Amino acid sequence: MSKTKAGIINVTGYAGVELARLLYRHPEVEITSVTGRSAAGQKLAAVFPHLADIDLTITAELGEVDVAFSALPHKESAKECIPLLKQGIKVVDISADFRLKDAADYPKWYGFTHPAPELLKEAVFGLPELYRSQIAAARLIANPGCYPTGAILALAPALKAGIIEPDIIIDSKSGVSGAGRTLSLGTHYSEVNEDVSAYSLEGHRHLPEISQELALLRPGPTPSVTFVPHLIPMTRGILTTAYARLSPGTIASGEKGQAELTGIYRDFYKGESFVKVAAASPHTKHTWGNNLCIVYPSLDIRQNRLIAISAIDNLVKGAAGQAIQNMNLMCGFPETTGLEGLAVYP
Ligand SMILES: NC(=O)c1ccc[n+]([C@@H]2O[C@H](COP(=O)([O-])OP(=O)(O)OC[C@H]3O[C@@H](n4cnc5c(N)ncnc54)[C@H](OP(=O)(O)O)[C@@H]3O)[C@@H](O)[C@H]2O)c1
(Lines give C-alpha, C1' and ligand atoms only; values in the text may rest on other atoms or scores of the structure.)
Protein backbone atom coordinates (compact mmCIF):
# COMPACT_ATOMS: atom_id res chain seq x y z
CA MET A 1 0.00 0.00 0.00
CA SER A 2 1.27 3.47 -0.80
CA LYS A 3 2.43 5.65 2.05
CA THR A 4 0.58 8.75 3.25
CA LYS A 5 2.16 11.86 1.76
CA ALA A 6 2.99 14.40 4.45
CA GLY A 7 4.07 18.01 4.13
CA ILE A 8 5.72 20.29 6.68
CA ILE A 9 5.06 24.01 6.37
CA ASN A 10 7.95 25.99 7.83
CA VAL A 11 10.52 23.26 8.29
CA THR A 12 13.07 25.99 9.10
CA GLY A 13 11.66 26.55 12.63
CA TYR A 14 12.36 24.28 15.61
CA ALA A 15 8.93 22.62 15.61
CA GLY A 16 9.08 22.04 11.84
CA VAL A 17 12.55 20.54 11.83
CA GLU A 18 11.67 18.27 14.77
CA LEU A 19 8.70 17.04 12.75
CA ALA A 20 11.04 16.16 9.89
CA ARG A 21 13.33 14.21 12.26
CA LEU A 22 10.47 12.18 13.72
CA LEU A 23 8.39 11.70 10.55
CA TYR A 24 11.38 10.41 8.58
CA ARG A 25 11.23 7.14 10.55
CA HIS A 26 7.42 6.81 10.36
CA PRO A 27 6.71 3.57 8.50
CA GLU A 28 3.33 4.71 7.08
CA VAL A 29 4.37 8.18 5.98
CA GLU A 30 6.58 9.68 3.31
CA ILE A 31 7.61 13.32 3.69
CA THR A 32 7.01 14.66 0.18
CA SER A 33 7.15 18.41 0.69
CA VAL A 34 8.80 20.84 3.11
CA THR A 35 8.54 24.61 2.93
CA GLY A 36 10.65 27.38 4.43
CA ARG A 37 10.76 31.07 3.57
CA SER A 38 14.43 31.76 4.20
CA ALA A 39 15.80 28.47 2.82
CA ALA A 40 13.63 27.89 -0.26
CA GLY A 41 15.65 26.25 -3.03
CA GLN A 42 18.17 24.67 -0.65
CA LYS A 43 18.52 21.01 0.22
CA LEU A 44 17.02 20.15 3.62
CA ALA A 45 20.19 18.23 4.53
CA ALA A 46 22.35 21.23 3.66
CA VAL A 47 20.41 23.47 6.04
CA PHE A 48 20.09 20.81 8.75
CA PRO A 49 23.03 18.36 8.57
CA HIS A 50 21.46 16.05 11.20
CA LEU A 51 18.80 15.24 8.54
CA ALA A 52 21.51 14.08 6.08
CA ASP A 53 19.52 11.05 4.88
CA ILE A 54 16.43 13.02 3.82
CA ASP A 55 16.68 13.90 0.14
CA LEU A 56 14.31 16.85 -0.17
CA THR A 57 14.55 20.41 -1.41
CA ILE A 58 12.92 23.12 0.68
CA THR A 59 10.33 24.98 -1.39
CA ALA A 60 8.36 28.19 -0.99
CA GLU A 61 4.98 26.51 -1.63
CA LEU A 62 3.63 23.20 -0.35
CA GLY A 63 3.47 20.39 -2.93
CA GLU A 64 0.84 17.66 -3.22
CA VAL A 65 0.17 16.02 0.16
CA ASP A 66 -2.50 14.02 2.02
CA VAL A 67 -1.75 15.57 5.39
CA ALA A 68 -0.11 18.91 6.20
CA PHE A 69 1.58 20.03 9.40
CA SER A 70 1.83 23.77 9.82
CA ALA A 71 4.64 24.98 12.09
CA LEU A 72 4.25 28.63 11.16
CA PRO A 73 3.97 31.45 13.70
CA HIS A 74 0.43 32.35 14.77
CA LYS A 75 -1.65 34.44 12.35
CA GLU A 76 0.49 33.26 9.39
CA SER A 77 -0.51 29.67 10.08
CA ALA A 78 -4.28 30.19 9.76
CA LYS A 79 -3.74 31.91 6.39
CA GLU A 80 -1.95 28.80 5.07
CA CYS A 81 -4.21 26.19 6.68
CA ILE A 82 -7.58 27.52 5.46
CA PRO A 83 -6.97 26.89 1.71
CA LEU A 84 -5.52 23.44 2.46
CA LEU A 85 -8.72 22.41 4.23
CA LYS A 86 -10.71 23.58 1.19
CA GLN A 87 -8.61 21.22 -0.94
CA GLY A 88 -9.57 18.30 1.31
CA ILE A 89 -6.16 17.99 2.97
CA LYS A 90 -6.03 16.93 6.62
CA VAL A 91 -4.33 19.62 8.68
CA VAL A 92 -2.48 19.53 12.00
CA ASP A 93 -1.76 23.11 13.04
CA ILE A 94 1.04 23.44 15.59
CA SER A 95 0.43 27.17 16.02
CA ALA A 96 -2.21 28.63 18.33
CA ASP A 97 -4.52 29.66 15.48
CA PHE A 98 -7.31 27.14 16.07
CA ARG A 99 -6.86 26.34 19.79
CA LEU A 100 -9.17 28.95 21.31
CA LYS A 101 -12.90 28.41 20.90
CA ASP A 102 -13.87 32.06 21.33
CA ALA A 103 -12.85 34.19 18.31
CA ALA A 104 -12.86 37.28 20.57
CA ASP A 105 -9.78 35.88 22.34
CA TYR A 106 -7.62 36.25 19.21
CA PRO A 107 -7.46 40.08 19.07
CA LYS A 108 -7.06 40.10 22.85
CA TRP A 109 -4.28 37.53 23.23
CA TYR A 110 -2.71 37.28 19.76
CA GLY A 111 -3.35 40.71 18.26
CA PHE A 112 -5.27 39.70 15.13
CA THR A 113 -8.85 39.12 14.02
CA HIS A 114 -9.42 35.46 13.26
CA PRO A 115 -9.94 34.92 9.52
CA ALA A 116 -12.24 31.87 9.88
CA PRO A 117 -14.12 31.84 13.21
CA GLU A 118 -16.37 29.03 11.96
CA LEU A 119 -13.33 26.74 11.95
CA LEU A 120 -12.75 27.33 15.68
CA LYS A 121 -15.89 25.30 16.41
CA GLU A 122 -14.81 22.52 14.11
CA ALA A 123 -11.13 22.30 15.10
CA VAL A 124 -10.40 19.58 17.66
CA PHE A 125 -7.97 20.37 20.49
CA GLY A 126 -5.29 17.80 19.84
CA LEU A 127 -4.69 16.32 23.25
CA PRO A 128 -5.31 12.62 22.52
CA GLU A 129 -5.58 11.69 26.20
CA LEU A 130 -8.73 13.85 26.40
CA TYR A 131 -10.14 13.95 22.84
CA ARG A 132 -9.09 10.71 21.19
CA SER A 133 -12.34 9.85 19.38
CA GLN A 134 -12.93 13.44 18.16
CA ILE A 135 -9.36 13.59 16.82
CA ALA A 136 -9.86 10.36 14.89
CA ALA A 137 -12.85 11.92 13.07
CA ALA A 138 -11.34 15.38 12.52
CA ARG A 139 -9.88 17.10 9.47
CA LEU A 140 -8.40 20.02 11.46
CA ILE A 141 -6.38 19.58 14.65
CA ALA A 142 -5.34 22.44 16.88
CA ASN A 143 -2.18 20.94 18.33
CA PRO A 144 -1.91 22.14 21.96
CA GLY A 145 0.72 24.59 23.14
CA CYS A 146 3.76 23.25 24.97
CA TYR A 147 2.95 24.78 28.37
CA PRO A 148 -0.76 23.81 28.13
CA THR A 149 0.18 20.18 27.34
CA GLY A 150 2.20 19.84 30.55
CA ALA A 151 -0.23 21.81 32.71
CA ILE A 152 -3.45 20.14 31.52
CA LEU A 153 -2.02 16.62 31.78
CA ALA A 154 -0.78 17.37 35.32
CA LEU A 155 -4.20 18.55 36.48
CA ALA A 156 -6.78 16.64 34.42
CA PRO A 157 -7.23 13.59 36.71
CA ALA A 158 -7.63 15.74 39.84
CA LEU A 159 -10.14 18.09 38.19
CA LYS A 160 -12.13 15.26 36.66
CA ALA A 161 -12.28 13.46 40.02
CA GLY A 162 -13.47 16.66 41.75
CA ILE A 163 -10.81 16.51 44.46
CA ILE A 164 -9.41 20.06 44.10
CA GLU A 165 -10.81 23.55 44.59
CA PRO A 166 -11.10 25.67 41.39
CA ASP A 167 -8.23 27.96 42.38
CA ILE A 168 -5.04 26.79 40.72
CA ILE A 169 -1.45 28.02 40.52
CA ILE A 170 0.71 26.74 37.69
CA ASP A 171 4.46 27.33 37.73
CA SER A 172 6.29 26.18 34.60
CA LYS A 173 9.95 26.21 33.64
CA SER A 174 10.90 25.95 30.00
CA GLY A 175 14.06 25.43 28.01
CA VAL A 176 14.99 28.09 25.47
CA SER A 177 13.85 26.20 22.33
CA GLY A 178 10.30 26.97 23.51
CA ALA A 179 10.91 30.50 22.27
CA GLY A 180 11.69 29.26 18.75
CA ARG A 181 14.60 29.70 16.38
CA THR A 182 14.01 33.33 15.52
CA LEU A 183 16.82 35.47 16.89
CA SER A 184 16.02 37.67 19.87
CA LEU A 185 18.03 39.36 22.62
CA GLY A 186 16.14 37.49 25.35
CA THR A 187 17.38 34.12 24.09
CA HIS A 188 21.05 35.00 23.50
CA TYR A 189 23.45 32.61 25.27
CA SER A 190 24.87 35.35 27.48
CA GLU A 191 21.37 36.46 28.53
CA VAL A 192 20.06 32.99 29.34
CA ASN A 193 23.10 31.06 30.54
CA GLU A 194 23.40 30.85 34.37
CA ASP A 195 20.13 32.74 34.65
CA VAL A 196 16.53 31.95 35.61
CA SER A 197 13.70 34.41 35.18
CA ALA A 198 9.91 34.56 35.29
CA TYR A 199 8.19 36.30 32.39
CA SER A 200 4.74 37.28 31.06
CA LEU A 201 3.41 37.95 34.56
CA GLU A 202 0.80 40.21 32.99
CA GLY A 203 -0.68 37.15 31.28
CA HIS A 204 1.02 34.64 28.96
CA ARG A 205 -0.71 33.72 25.70
CA HIS A 206 -1.08 30.13 26.85
CA LEU A 207 -3.24 31.17 29.81
CA PRO A 208 -6.59 31.32 27.92
CA GLU A 209 -5.85 27.90 26.39
CA ILE A 210 -5.07 26.36 29.77
CA SER A 211 -8.16 27.96 31.37
CA GLN A 212 -10.44 26.88 28.50
CA GLU A 213 -9.40 23.24 28.79
CA LEU A 214 -9.34 23.05 32.59
CA ALA A 215 -12.88 24.51 32.69
CA LEU A 216 -14.10 21.72 30.39
CA LEU A 217 -12.82 19.08 32.80
CA ARG A 218 -14.90 20.19 35.75
CA PRO A 219 -18.57 21.10 36.16
CA GLY A 220 -19.28 24.24 38.19
CA PRO A 221 -17.40 27.53 38.38
CA THR A 222 -14.58 28.12 35.90
CA PRO A 223 -11.28 27.50 37.70
CA SER A 224 -9.29 30.64 38.41
CA VAL A 225 -5.78 30.04 37.14
CA THR A 226 -2.54 31.88 37.85
CA PHE A 227 0.13 30.78 35.37
CA VAL A 228 3.75 31.92 35.64
CA PRO A 229 6.26 30.67 33.05
CA HIS A 230 10.01 30.75 33.62
CA LEU A 231 12.91 30.58 31.19
CA ILE A 232 15.80 28.39 32.27
CA PRO A 233 19.19 27.65 30.71
CA MET A 234 18.54 24.37 28.94
CA THR A 235 17.65 23.60 25.32
CA ARG A 236 14.55 21.38 25.64
CA GLY A 237 12.03 20.50 28.29
CA ILE A 238 9.27 21.90 30.45
CA LEU A 239 8.81 21.11 34.13
CA THR A 240 5.42 22.17 35.46
CA THR A 241 4.43 22.30 39.12
CA ALA A 242 0.73 22.92 39.73
CA TYR A 243 -0.82 23.65 43.13
CA ALA A 244 -4.46 23.53 44.28
CA ARG A 245 -6.14 23.12 47.67
CA LEU A 246 -7.85 19.75 48.15
CA SER A 247 -11.65 19.83 48.43
CA PRO A 248 -12.63 18.91 52.00
CA GLY A 249 -13.45 15.27 52.56
CA THR A 250 -12.37 14.01 49.15
CA ILE A 251 -8.97 12.51 49.96
CA ALA A 252 -7.76 10.84 53.16
CA SER A 253 -4.88 12.44 55.00
CA GLY A 254 -1.35 11.06 55.22
CA GLU A 255 -0.01 8.05 53.37
CA LYS A 256 -3.50 6.70 52.70
CA GLY A 257 -4.31 9.94 50.87
CA GLN A 258 -1.17 9.69 48.74
CA ALA A 259 -2.13 6.15 47.73
CA GLU A 260 -5.66 7.31 46.83
CA LEU A 261 -4.28 10.18 44.79
CA THR A 262 -1.86 7.95 42.91
CA GLY A 263 -4.75 5.55 42.25
CA ILE A 264 -6.89 8.35 40.76
CA TYR A 265 -4.07 9.36 38.40
CA ARG A 266 -3.18 5.75 37.47
CA ASP A 267 -6.84 4.98 36.65
CA PHE A 268 -7.19 8.14 34.57
CA TYR A 269 -4.11 7.37 32.47
CA LYS A 270 -4.59 3.59 32.37
CA GLY A 271 -3.58 2.27 28.96
CA GLU A 272 -2.02 5.54 27.81
CA SER A 273 1.22 5.06 25.90
CA PHE A 274 2.51 8.58 26.34
CA VAL A 275 1.50 9.59 29.86
CA LYS A 276 3.16 7.78 32.72
CA VAL A 277 2.31 8.31 36.39
CA ALA A 278 5.63 8.21 38.22
CA ALA A 279 6.36 7.27 41.83
CA ALA A 280 8.75 10.21 42.22
CA SER A 281 9.13 13.71 40.85
CA PRO A 282 10.18 13.52 37.16
CA HIS A 283 13.10 15.29 35.52
CA THR A 284 12.87 16.92 32.08
CA LYS A 285 15.77 14.65 31.07
CA HIS A 286 13.46 11.64 31.45
CA THR A 287 11.52 12.90 28.41
CA TRP A 288 14.32 14.44 26.33
CA GLY A 289 13.63 13.71 22.66
CA ASN A 290 10.61 11.48 23.15
CA ASN A 291 6.83 11.81 23.32
CA LEU A 292 6.33 11.06 27.01
CA CYS A 293 4.65 13.22 29.60
CA ILE A 294 5.64 12.00 33.06
CA VAL A 295 3.25 13.07 35.81
CA TYR A 296 3.79 12.89 39.56
CA PRO A 297 0.83 13.78 41.80
CA SER A 298 1.65 14.37 45.45
CA LEU A 299 0.10 15.77 48.60
CA ASP A 300 1.27 18.61 50.77
CA ILE A 301 -0.11 16.98 53.91
CA ARG A 302 0.51 20.01 56.16
CA GLN A 303 -1.40 22.45 53.94
CA ASN A 304 -3.90 20.01 52.41
CA ARG A 305 -2.81 20.80 48.87
CA LEU A 306 -2.29 18.86 45.68
CA ILE A 307 1.14 19.35 44.10
CA ALA A 308 1.04 17.90 40.58
CA ILE A 309 4.30 17.85 38.61
CA SER A 310 4.78 17.04 34.93
CA ALA A 311 7.76 16.82 32.62
CA ILE A 312 7.69 16.94 28.81
CA ASP A 313 9.98 17.72 25.91
CA ASN A 314 8.44 20.93 24.54
CA LEU A 315 9.42 20.02 20.96
CA VAL A 316 8.04 16.45 21.12
CA LYS A 317 4.97 15.93 23.37
CA GLY A 318 4.73 19.74 23.41
CA ALA A 319 4.77 20.07 19.58
CA ALA A 320 5.99 17.68 16.86
CA GLY A 321 5.50 14.33 18.63
CA GLN A 322 1.97 15.16 19.72
CA ALA A 323 1.25 16.37 16.16
CA ILE A 324 2.29 12.94 14.85
CA GLN A 325 0.23 11.22 17.57
CA ASN A 326 -2.75 13.23 16.27
CA MET A 327 -1.99 12.40 12.64
CA ASN A 328 -1.81 8.70 13.56
CA LEU A 329 -5.32 8.91 15.01
CA MET A 330 -6.66 10.93 12.04
CA CYS A 331 -5.21 8.48 9.53
CA GLY A 332 -6.16 5.30 11.41
CA PHE A 333 -2.57 4.24 12.22
CA PRO A 334 -1.72 2.78 15.63
CA GLU A 335 -1.29 5.81 17.90
CA THR A 336 2.32 5.09 18.80
CA THR A 337 3.58 4.61 15.22
CA GLY A 338 6.82 6.47 14.62
CA LEU A 339 6.94 7.63 18.22
CA GLU A 340 8.52 4.64 19.91
CA GLY A 341 11.94 6.29 20.48
CA LEU A 342 13.18 6.37 24.06
CA ALA A 343 14.42 9.48 25.84
CA VAL A 344 18.11 10.40 25.72
CA TYR A 345 19.78 10.13 29.14
CA PRO A 346 21.86 11.58 30.71
N1 LIG B 1 9.09 25.91 20.04
C2 LIG B 1 8.20 25.21 20.71
O3 LIG B 1 8.54 24.58 21.73
C4 LIG B 1 6.77 25.16 20.24
C5 LIG B 1 5.92 24.27 20.91
C6 LIG B 1 4.58 24.21 20.53
C7 LIG B 1 4.13 25.01 19.51
N8 LIG B 1 4.97 25.88 18.88
C9 LIG B 1 4.42 26.70 17.80
O10 LIG B 1 4.94 26.24 16.56
C11 LIG B 1 5.10 27.33 15.67
C12 LIG B 1 6.54 27.40 15.26
O13 LIG B 1 7.31 27.59 16.43
P14 LIG B 1 8.87 27.42 16.45
O15 LIG B 1 9.28 27.46 17.86
O16 LIG B 1 9.26 26.28 15.58
O17 LIG B 1 9.26 28.77 15.78
P18 LIG B 1 10.63 29.25 15.24
O19 LIG B 1 11.67 28.20 15.46
O20 LIG B 1 10.86 30.61 15.77
O21 LIG B 1 10.32 29.33 13.72
C22 LIG B 1 9.75 30.42 13.24
C23 LIG B 1 10.20 30.48 11.78
O24 LIG B 1 9.06 30.94 11.13
C25 LIG B 1 9.45 31.66 10.02
N26 LIG B 1 8.66 32.87 10.02
C27 LIG B 1 8.72 33.88 10.90
N28 LIG B 1 7.80 34.81 10.58
C29 LIG B 1 7.17 34.35 9.49
C30 LIG B 1 6.13 34.86 8.70
N31 LIG B 1 5.57 36.03 8.97
N32 LIG B 1 5.70 34.12 7.66
C33 LIG B 1 6.28 32.95 7.37
N34 LIG B 1 7.28 32.42 8.10
C35 LIG B 1 7.71 33.11 9.14
C36 LIG B 1 10.92 31.93 10.12
O37 LIG B 1 11.53 31.06 9.21
P38 LIG B 1 12.24 31.65 7.92
O39 LIG B 1 13.45 32.36 8.45
O40 LIG B 1 12.55 30.47 7.09
O41 LIG B 1 11.29 32.61 7.28
C42 LIG B 1 11.29 31.46 11.52
O43 LIG B 1 12.54 30.83 11.55
C44 LIG B 1 4.63 28.59 16.41
O45 LIG B 1 3.32 28.86 16.06
C46 LIG B 1 4.76 28.17 17.87
O47 LIG B 1 3.87 28.87 18.70
C48 LIG B 1 6.29 25.95 19.21
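How do α7 and α11 lie relative to each other: roughly parallel or roughly perpendicular? I started my notes with that one.

**Ground rules.** I am working on a predicted model, where local features need pLDDT of at least 70, side-chain atom pairs count only at pLDDT 80 or more, and totals for chains, interfaces and linings use all residues. I number residues from 1 along each chain as its sequence is written. My helices (H or I, at least four residues) and strands (E, at least two) are DSSP runs, numbered from the N terminus.

**α7 against α11.** I found the two helices packing at an angle of about 100 degrees, with axes 8 Å apart. For axes I use lines fitted to C-alpha atoms, for helices over the stretch in contact, with angles from 0 to 180 degrees between N-to-C directions. I call angles under 35 degrees roughly parallel, over 145 roughly antiparallel, 65 to 115 roughly perpendicular and the rest oblique. So α7 and α11 come out roughly perpendicular to each other. On the α7 side I listed C146, T149 and G150, which meet K317, G318, A319 and Q322 of α11. Contact here has C-beta atoms, placed from the backbone, within 7 Å.

**α7 by itself.** I checked its length next. Helix α7 covers residues 146-161, and its 16 residues at 1.5 Å each should span 22 Å, which agrees with the 24 Å between its end C-alpha atoms. The expected span is 1.5 Å times one less than the number of residues. I also noted a bend of about 40 degrees at L155, with a proline, P157, following within four residues. The bend is the angle between axes fitted to the seven residues ending at a position and the seven starting there.

How many of the residues of α7 are buried? I got 15 of 16, so the helix is mostly covered. My rule: buried if 20 or more other C-beta atoms lie within 10 Å of a residue's own, exposed if 12 or fewer, partly exposed in between, with C-beta atoms placed from the backbone.

**α1 against α11.** I looked at α11 (residues 316-331) again, this time with α1 (residues 14-23): their axes come within 9 Å and cross at roughly 45 degrees. By the angle, α1 and α11 are therefore oblique to each other. I put down the contact as A15, E18, L19, L22 and L23 of α1 with V316, A319, A320, G321, A323 and I324 of α11.

I flagged K75, not a glycine, with a positive phi of about 75 degrees. I placed K75 in the loop between β4 and α3 (76-86), and its 17 other C-beta atoms within 10 Å make K75 partly exposed. E194, also no glycine, has a positive phi of about 55 degrees. I found E194 in the loop between α8 (189-192) and β9 (197-198), exposed with 6 other C-beta atoms within 10 Å.

**Other loop residues.** E64 sits in the loop between β3 (58-59) and β4 (67-70), and I count E64 as exposed because it has 10 C-beta neighbours inside 10 Å. From E64 to I164, 100 residues along the chain, I read 48 Å between C-alpha atoms. Q303 is in the loop between β13 (293-300) and β14 (305-312). Its C-alpha is 9.1 Å from that of L246, 57 residues apart in sequence.

**Last check.** I found a cis peptide bond from Y345 to P346, with omega near 5 degrees. P346 is in the segment after α11.

Technical notes. Contact = placed C-beta atoms within 7 Å.
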